[in-house]
Amino acid sequence: MRHYIAILTLAIIVLVPQIAFASSPVYSPTDLITKALELDGKTITVRGEAITEALERNNGYSWVNIFDGSSAIGIWMKNDLKDQIKNYGTNLVKGDIVEITGKFFRNDPEADGELDLRADSLKIVESGYPTPEKINPLKVIILVILSLVALLLFADNIYKNKKKTKEKKEDFEIENAIHEELE
């Protein structure tokens, strides 16, 4: 009997903290779009890359877009939350990966019925960084070859135009000479 009580006590000690402190799921923007009806009006956490730039409004709030690789969603947040984001994703920068908790709306009445999240908190999960553009050597070779071909075609066109101009000039001079002899 003591053996069962020890196992039960151990199970309670191990499982109760996990249940009590279990975190809610973290969604992606794609999840929010596909589960919009189910999540509407709930407080949730979403994770994604902050992209483009924040769109500040005059009332102390901003719109920030986050992206998960396939979908993006607009987040309405106070400027003090927005100011925590230092890197916004572009073609040359990997944006900060953020986790934002707030109330999700499938049709937010304060945003003309848009699907959005009204942020209460923001956590930077991973800082963004510059991503220098990598130049493909094959593309450089192709560019050089095509440039040379274009240059040769241009030079050939100039040569042919000069030759035609010279021939027309000679023809004009011959015609003038004939007219002068006839007069």
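The legends below describe close-up views of a predicted model. Residues are numbered from 1 along each chain as its sequence is written, and side-chain values use heavy atoms, without hydrogens or water. Because the model is predicted, local features need pLDDT of at least 70 and side-chain atom pairs count only at pLDDT 80 or more, while totals for chains, interfaces and linings use all residues.

**View 1. The largest nonpolar core.** This core has 22 residues, and Ile75 and Ile100 have the most contacts inside it; a nonpolar core is a set of buried Ala, Val, Leu, Ile, Met, Phe, Trp, Tyr and Cys residues joined through side-chain atoms within 4.5 Å. At least two core residues come from each of several elements, including α3 (36-39), β3 (61-67) and β6 (97-108), and β2 gives the largest share, 4 residues. Helices (H or I, at least four residues) and strands (E, at least two) are DSSP runs, numbered from the N terminus.

**View 2. The surroundings of isoleucine 100.** Beyond its neighbours within four places in sequence, isoleucine 100 is in contact (heavy atoms within 4.5 Å) with residues including Ile44, Ile75, Met77 and Leu122.

**View 3. The aromatic cluster of Tyr61, Trp63 and Trp76.** Rings of Phe, Tyr and Trp (its six-membered ring) pair if their centres lie within 6.5 Å, and planes under 30 degrees apart count as stacked, over 60 as edge-to-face and the rest as tilted. Tyrosine 61 and tryptophan 76 are stacked, 5.3 Å centre to centre with 0 degrees between the planes. The rings of tryptophan 63 and tryptophan 76 have centres 4.9 Å apart and planes at 55 degrees, so this pair is tilted.

Key:
Buried < 20%, exposed > 50% of the residue type's maximum accessible area, 1.4 Å probe, protein only.
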